[in-house]
Amino acid sequence: MEKDKNKKNDISINIKNSLKTRQETTTQKKKKFIKAYSARLCNVSAACEVVGISRTTYYKWVNKDNTFKKAIEDANENFYDSLETVMFSKAVTDKDTTMLIWLSKTKMKHRGYVEKQEQEVTVNPLEEVMKRVAIRRKKEDE
């Protein structure tokens, strides 16, 4: 009886240790993923390949671990900042016309640098239906 009790405790301890080791491994993989993700220009597939996980695992981590999700969002923002720096450089230093136009339209909207699009707006979307009904009634009355 005593041996059975000790054996159950040993199994329970082994399970707890195994789960702890697995958790540490997952934490290490998450850290490795974030580094790989940043180094590979925020490419999920490339980072998954480096760490040895599936995209499904990545999306589970993002959906279940807010700290991991925040680290991914920070990596994305850093990537966007880097892109923006290159774009500014191309526009100002290289005088790239396309980049100048794009930056003007996105960063200087408040100064009127926007593409104006004309759209026909119908105040009453049922206007056409009402006209048809009126025409039918008129024909019926004749």
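Modeller: Helices here are DSSP runs of H or I with at least four residues, strands are runs of E with at least two, and both are numbered from the N terminus. This is a predicted model, in which local features need pLDDT of at least 70 and side-chain atom pairs count only at pLDDT 80 or more, while totals for chains, interfaces and linings use all residues. Residues are numbered from 1 along each chain as its sequence is written, and side-chain values use heavy atoms, with hydrogens and water left out.

Colleague: In which helix do Lys70 and Asp74 both lie?

Modeller: The side chains of Lys70 and Asp74 meet in a salt bridge, with 2.8 Å from N to O. A salt bridge requires a side-chain nitrogen of Lys or Arg within 4 Å of a carboxyl oxygen of Asp or Glu. The two residues are four residues apart, about one turn of the helix, and both belong to helix 4.

Colleague: Is Lys30 buried or exposed?

Modeller: Lys30 forms a salt bridge with Asp65, and their closest N and O atoms are 2.7 Å apart. This pair links distant parts of the chain, since Lys30 is in helix 1 (residues 2-39) and Asp65 is in the loop between helix 3 and helix 4 (66-92), 35 residues apart. Buried means under 20% relative accessible area, exposed over 50% and partly exposed in between, with a 1.4 Å probe and protein chains only. Because its relative accessible area is 13%, Lys30 is buried.

Colleague: Which residue forms a salt bridge with Lys107?

Modeller: The closest N and O atoms of this pair are 2.6 Å apart. The pair joins distant parts of the chain, with Lys107 in helix 5 (residues 97-107) and its partner in helix 4, 23 residues apart. Lys107 is partly exposed at 41% relative accessibility. At 23% relative accessibility the partner also counts as partly exposed, and this partner is Glu84.

Colleague: How many salt bridges does a search of the whole structure find?

Modeller: Among them are the pair of Asp65 and Lys30 and the pair of Lys70 and Asp74. Another is formed by Lys107 and Glu84. The search of the whole structure gives a total of three.

Colleague: At roughly what angle do the axes of helix 2 and helix 3 cross?

Modeller: Axes are lines fitted to C-alpha atoms, for helices over the stretch in contact, and angles run from 0 to 180 degrees between N-to-C directions. The axes of helix 2 (residues 44-51) and helix 3 (residues 55-64) come within 9 Å. Their crossing angle is roughly 100 degrees.
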